[in-house]
Structures are given as structure tokens and as C-alpha cells.
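Colleague: I'd like to learn how to read a fold like this one. Could you walk me through it, giving the general idea and then the case at hand?

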Amino acid sequence: DSLTYSASTLPTGASFDASTRAFSWTPAVNQAGNYPLRFTVSDSQLSDYEDISITVSALVMPSASVSSASGVQGQANIPVTINVANVTSAHAITGIDITLNYDATKLDIGTVQVGIQDSGWNITANTVPLGKLTIGLYNTTVLSAGSGSVAVVNFSVKQAASIGAST
């Protein structure tokens, strides 16, 4: 007798190919939880099954933050650091695009440089239009784990200002 394979109670997005007996599933970000599955094999007379459970842990996505700083009129090289956190092998990074908006009547952009997470990162910075700094960090080597600064922007103060940014 030929055997027939099946799977039941598959989670959303999962598939089972009965001809190859291959189960496939990449859980979505919002699919943390416990998933019971049943795989069954049968012929024309008998059947058997195996119940299994797959547990998907909550995903922690990488995040970026920008430090705050303050300065007085005429002060130069005030560093504002752009940091990443929660980088894991499951959520590796090969590129980051960041936009900082600032008051161009009070601040000038000094230097833009790669931070301590500099394992081969290439940096581009575009300061046009005034008041908007767009930074691109790209790497052919994946940042697969860690936290730390990825870029440092040095500002010079034209007028007293508080530098705070959001990503």
C-alpha cells in the first residue's frame, strides 16, 4: 500500500509538502508563542501520527538611538553619537540609513565619522539641504551581534543650542 502524509494545525504562513514530506515555516515578527502540530502517515488500513510543539520566542528587533548634547556659542566638536542595540545573528545589519534634523541657524555640521562598531563600515553623509543630515552606513560584512556606536557627528554651535535628535 502507498503511504499518505499530512500535517494539521499548521500556523499561519507554514506549509507541508506531502510529496517531499517537508515542513517549512518562517514565523513572522508577531508570531511568538507555542504551536502544536500533528503529522500523520496512513495507508489504506492504518494510520499513525506524531504530535510536536514548536515554541517561537519573542523577537527583539535591532534599534537605534541618538545621544543628546548641549553647547555654548562658538563651541566646536560637540559629539552626537548614533548607537545600535539588540543586533543578533537573527537580525543582522548590513546597512543603516539615518536622518538627523537640526536647526541650521544654530548649528554647523563638523565631521561625520564611523563609531566603534567600525568593522569595515563605509559611511556617506549628505548635508543638503541645510538642517538635514542624511547618513548612510553600509558594510559587506554583516554586523551580526552587538551594541554600540555606529557613527559620531560633531557639531559646532553658532548660537546657544541643545542638540537632541530622534531616529
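Modeller: Gladly. Strands are DSSP runs of E with at least two residues, numbered from the N terminus, and two strands pair if DSSP finds at least two bridges between them. With that in hand, β4 and β5 form a hairpin with 4 residues between them. The two strands run antiparallel and are joined by 10 bridges; in one of these, Ser-42 has Ser-47 in β5 as its bridge partner.

Colleague: Before we go on, what am I looking at?

Modeller: This is a predicted model, in which local features need pLDDT of at least 70 and side-chain atom pairs count only at pLDDT 80 or more, while totals for chains, interfaces and linings use all residues. Residues are numbered from 1 along each chain as its sequence is written, and side-chain values use heavy atoms, with hydrogens and water left out.

Colleague: How many helices and strands does the protein have?

Modeller: The protein has 0 helices and 14 strands.

Colleague: Phe-39 is aromatic. How do I read ring pairs?

Modeller: Rings of Phe, Tyr and Trp (its six-membered ring) pair if their centres lie within 6.5 Å; planes under 30 degrees apart count as stacked, over 60 as edge-to-face and the rest as tilted. That rule gives 4 aromatic pairs here. For Phe-23 and Phe-39 the ring centres are 5.8 Å apart and the planes are at 90°, so this pair is edge-to-face. It links distant parts of the chain, with Phe-23 in β3 (residues 22–24) and Phe-39 in β4, 16 residues apart. Ring pairs also bring Phe-16 into a cluster with Phe-23 and Phe-39.

Colleague: Is Phe-23 buried, partly exposed or exposed?

Modeller: Buried means under 20% relative accessible area, exposed over 50%, and partly exposed in between (1.4 Å probe, protein chains only). At 30% relative accessibility, Phe-23 is partly exposed. Of the 167 residues in the protein, 28% are buried.

Colleague: And what should I look for in a core?

Modeller: In soluble globular proteins, nonpolar side chains tend to be buried together. A nonpolar core is a set of buried Ala, Val, Leu, Ile, Met, Phe, Trp, Tyr and Cys residues joined through side-chain atoms within 4.5 Å. The largest one here has 21 residues, of which Ile-82, Leu-100, Ile-135 and Val-153 touch the most other members. The elements giving two or more residues to this core are β8 (78–87), β9 (93–101), β12 (132–143) and β13 (146–157).

Colleague: Which residues does Val-153 touch?

Modeller: Contact means heavy atoms within 4.5 Å. Leaving out residues up to four places away in sequence, the contacts of Val-153 include Ile-78, Pro-79, Leu-100, Ile-109 and Leu-133. Among the protein's contacts between residues at least 6 apart in sequence, 64% join residues at least 24 apart.
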